[in-house]
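Here is a short tour of one protein chain, written for someone who likes to go from the overall picture to the contacts. Have a look at the sequence and the model first.

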Amino acid sequence: LNDLRARLDSVPPQDISHRVSQILRRYLLERYSVPAPARTTPEIFDGSQIPERKPGVPVPRTPGQWRERFEPVARLCDDISFMPAPHTREESAALIDQALARLQEERP
């Protein structure tokens with residue numbers, strides 16, 4: 001996200017929301033083994049099980065903690081998918097700042 005922020009002058013504003021969403025979804029996949037790139041937040045929770053804990057993957061131990069930890073980031077991804085694309089550099093920067101803030105909240 002910081003790299004994307006540094007390239008705001010070279011990335012069209014309408015591409016920023018897609019890139020932010022992809023970065024966040026890849027983060028959820030790599031950190032929590034959640035199939036976020038392919039599913040919305042409701043699809044992840046409807047009938048799905050918590051993935052097995054893998055060595056080196058810091059998934060909290062209880063289902064409530066697991067969901068509580070990544071759901072806000074996943075919901076932001078969903079919101080980004082349905083919100084209007086940024087039209088200006090300032091709107092793009094604000095979206096990146098929002099994503100960075102959400103990730104800071106998610107950190108242990």
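## A crossing to start with

Let us begin with a pair of helices: helix 2 and helix 5 cross in a right-handed sense. Keep in mind that this is a predicted model. Helix 2 covers residues 13–32 and helix 5 covers residues 89–106, and their axes come within 9 Å at a crossing angle of roughly 15°. Angles under 35 degrees count as roughly parallel, and therefore helix 2 and helix 5 are roughly parallel to each other.

## Who makes the contact

Which residues of helix 2 and helix 5 make the contact? Helix 2 contributes Pro 13, Ile 16, Ser 17, Val 20, Leu 24, Tyr 27, Arg 31 and Tyr 32. From helix 5 come Arg 89, Ser 92, Leu 95, Ile 96, Ala 99, Leu 103 and Glu 106.

By residue class, this contact of helix 2 with helix 5 holds 10 nonpolar, two polar and three charged residues.

## The chain around the pair

Among the contacts in the chain with a separation of 6 or more, 67% join residues 24 or more positions apart.

## Burial and surface

How much of the protein chain counts as buried? The share is 36% of its 108 residues. The accessible surface of the chain comes to about 6,600 Å², and carbon and sulfur atoms account for 49% of that surface.

Note on methods:
Residues numbered from 1 in each chain as written. Predicted model: local features only at pLDDT ≥ 70, side-chain atom pairs only at ≥ 80, totals over all residues. Heavy atoms only, no water. Buried < 20%, exposed > 50% of the residue type's maximum accessible area, 1.4 Å probe, protein only. Contact = heavy atoms within 4.5 Å. Areas by Shrake-Rupley, 256 points an atom, 1.4 Å probe, with all protein chains shown as cover. Axes fitted to C-alpha atoms, helices over the stretch in contact; angles between N-to-C directions. Helix = DSSP H or I, 4+ residues; strand = E, 2+ residues; numbered from the N terminus. Parallel < 35°, antiparallel > 145°, perpendicular 65-115°, else oblique. Left-handed = near helix turned anticlockwise from the far one by under 90°. Nonpolar A, V, L, I, M, F, W, Y, C, P; charged D, E, K, R; others polar.
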